[in-house]
Amino acid sequence: MIATEKDNEDEMFPLVDEEGSLIGAATRKECHNGSKLLHPVVHLHVFNSSGDLYLQKRPEWKDIQPGK
């Protein structure tokens, strides 16, 4: 791990309610500290023409599920 590689704990995330309506904002640190604050995320599934699914391993320095 390179010492400079880490998520910015002060990055602002939009907060949403269970219907996806914008209700405010909080820092990455506040969202990922076990508070269960909801923020939008994107999941992308990439398949080739044979139907194989491509996966990307998360960096070890991530604050949530590192190395998975």
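**Entry 1: aspartate 7**

I looked up aspartate 7 and found it buried, with a relative accessible area of 12%; buried means under 20%, exposed over 50% and partly exposed in between, with a 1.4 Å probe and protein chains only. The model is a predicted one, in which local features need pLDDT of at least 70 and side-chain atom pairs count only at pLDDT 80 or more, while totals for chains, interfaces and linings use all residues. Residues are numbered from 1 along each chain as its sequence is written, and side-chain values use heavy atoms, with hydrogens and water left out.

**Entry 2: salt bridges**

I searched the whole structure for salt bridges and noted 3 (a side-chain nitrogen of Lys or Arg within 4 Å of a carboxyl oxygen of Asp or Glu). Aspartate 7 pairs with lysine 62 at 3.0 Å, N to O. Aspartate 7 is in the segment before S1 and lysine 62 in the segment after S4, so this pair ties together parts 55 residues apart in sequence. Helices (H or I, at least four residues) and strands (E, at least two) are DSSP runs numbered from the N terminus. Lysine 62 counts as buried at 19% relative accessibility.

Aspartate 7 also forms a salt bridge with arginine 28, with 3.5 Å between the closest N and O atoms. Arginine 28 belongs to helix H1, 21 residues from aspartate 7. I found arginine 28 buried too, at 10%.

Which residue meets arginine 28 at 2.6 Å, N to O? I noted glutamate 11. Glutamate 11, at 33% relative accessibility, counts as partly exposed. Through shared partners, the salt bridges join Asp7, Glu11, Arg28 and Lys62 into one network.

**Entry 3: the hairpin**

I then followed strands S1 (residues 12-16) and S2 (residues 22-27), which run antiparallel and are joined by 5 bridges; two strands pair if DSSP finds at least two bridges between them. Methionine 12 has threonine 27 as its bridge partner. The two strands form a hairpin with 5 residues between them, and glycine 20 in the turn has a positive phi of about 90 degrees.

**Entry 4: lysine 57**

I found lysine 57 in the segment after S4, exposed at 58% relative accessibility. Leaving aside neighbours within four places in sequence, lysine 57 is in contact (heavy atoms within 4.5 Å) with Gly67 and Lys68. Lysine 57 and glycine 67 are 10 residues apart in sequence and 6.1 Å apart, C-alpha to C-alpha.
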